[in-house]
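Hi,

Here is the structure I promised to pass on.

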Amino acid sequence: MPERSVIERLDEAVDAILSGRAAPVVDAEVALLAAVAVDLRDLPDPAFKLQLGRRFFVPVKPGLQTITPYFVVDGVAKFITFLEQAFGAKELARYPRPDGSIMHAAVQLGDSNIEMGDATQQYQALRMAMHLYVDDVDAVFERATRAGATTLMGVTDQFYGDREASIQDPFGNHWYIATHIATKGKPEGFRTVTPFLHPHGTDRLIDFLKRAFDARELDRTPAKDGTIMHATMRIGDSVIEMGEAHGQWQPMPANIHLYVPDADAVYQQAIAAGATSISPVVDKPYGERSGGVTDPFGNQWFMATPK
């Protein structure tokens, strides 16, 4: 018999606790979480088990994280070539359509994966903004411009401890390339790639993410005009950044593949928080149960639970 996952073993323990039965024997990997469940079993929350699961576990496919950016471009093959030449990306998968366009592809950048697909009538090409942490921002900036990127901001030492530059790739996406000076890489808690949003009303987006996806606010830096200059939120094992739209940094709604313990529950929670449906949650032939919503700021979230 195959070994059961941590999630399955925790579910059994929590079910026993909630029903008043003696908890089954659990190993050290589950014991701490089961103890938390004992302390909280009398809370009058019908979604207790779901919330406990969200707090500690996010089941994802191997190699993926809770938040995975999904690019929709005209010309995925050329986009992959740019990512390889500019950032040293490694192609992981490519699934063509009969007409030669690419239905789905994935590449790895450092410790992060990003996904992409060629634009269709249903899903039009869009531009997104990404924060990219690298070991040598100067070298990567030079490679990116040689690969066809245009400069938005040259390499600069910033007051918040990053040496960074901003470029626009040939597909219109913004990349904020940075090296955290203290660590000569990325700050603690960050991945190589982090989506960066520029909404009008950052405070309202923060509130939506908390209500829709149980996001946790990590930091908030106010601007002199009372807007939010920069904020960082954590969802599952990943972070997402945002700052109020201004100047050349205008809204660039993103596509996000969001892996969660229960796609159905998160879909309903997002709708209740003010999102509109793209597609209801259904079982997909590629091994996920997933659906999608558009938030009030135009970002599209495709929540999925591996089956």
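Predicted model: local features only at pLDDT ≥ 70, side-chain atom pairs only at ≥ 80, totals over all residues.

Residues are numbered from 1 along each chain as its sequence is written, and side-chain values use heavy atoms, with hydrogens and water left out.

**Salt bridges**

Asp 207 forms a salt bridge with Arg 211, and their closest N and O atoms are 2.9 Å apart (a salt bridge is a side-chain nitrogen of Lys or Arg within 4 Å of a carboxyl oxygen of Asp or Glu). The two sit four residues apart in helix α6, so about one helical turn separates them (helices are DSSP runs of H or I with at least four residues, strands are runs of E with at least two, and both are numbered from the N terminus). Arg 211 is partly exposed too, at 39% relative accessibility.

Searching the whole structure gives 10 salt bridges. Another one of them joins Asp 138 and Arg 163, again with 2.9 Å between the closest N and O atoms. Asp 138 belongs to helix α5 and Arg 163 to strand β7, so this pair ties together parts that are 25 residues apart in sequence. Asp 138 and Arg 163 are also linked with Asp 157 in a network of salt bridges.

**Helix packing**

Back to α6 (residues 202-213): this helix packs against helix α7 (residues 263-272) at an angle of about 145 degrees, with the axes 7 Å apart. Axes here are lines fitted to C-alpha atoms, for helices over the stretch in contact, and angles run from 0 to 180 degrees between N-to-C directions. Phe 208, Arg 211, Ala 212 and Phe 213 of α6 meet Val 266, Gln 269, Ala 270 and Ala 272 of α7 (contact means heavy atoms within 4.5 Å).

On the α4 side, Phe 82, Gln 85, Ala 86 and Phe 87 meet Val 140, Arg 143 and Ala 144 of α5.

**The sheet**

What is the order of the strands in the open sheet of eight? It runs β6-β7-β8-β5-β9-β12-β11-β10, with mixed pairing (two strands pair if DSSP finds at least two bridges between them). The edges are β6 (150-157) and β10 (216-222), each pairing on one side only. α6 lies across β9, β10, β11 and β12, at about 10 degrees to β11.

Take a look at β12 (residues 238-242), where five of five residues are buried. Ser 238, Ile 240 and Met 242 are on one side, with Val 239 and Glu 241 on the other. With β9 (residues 193-197), β12 pairs in the parallel sense over two bridges, and Phe 196 has Glu 241 as its bridge partner. β11 (residues 228-235) runs antiparallel to β12, joined by five bridges. In the hairpin of these two strands, which has two residues between them, Gly 236 takes a positive phi near 60 degrees.

Cheers

Definitions and conventions:
Buried < 20%, exposed > 50% of the residue type's maximum accessible area, 1.4 Å probe, protein only.
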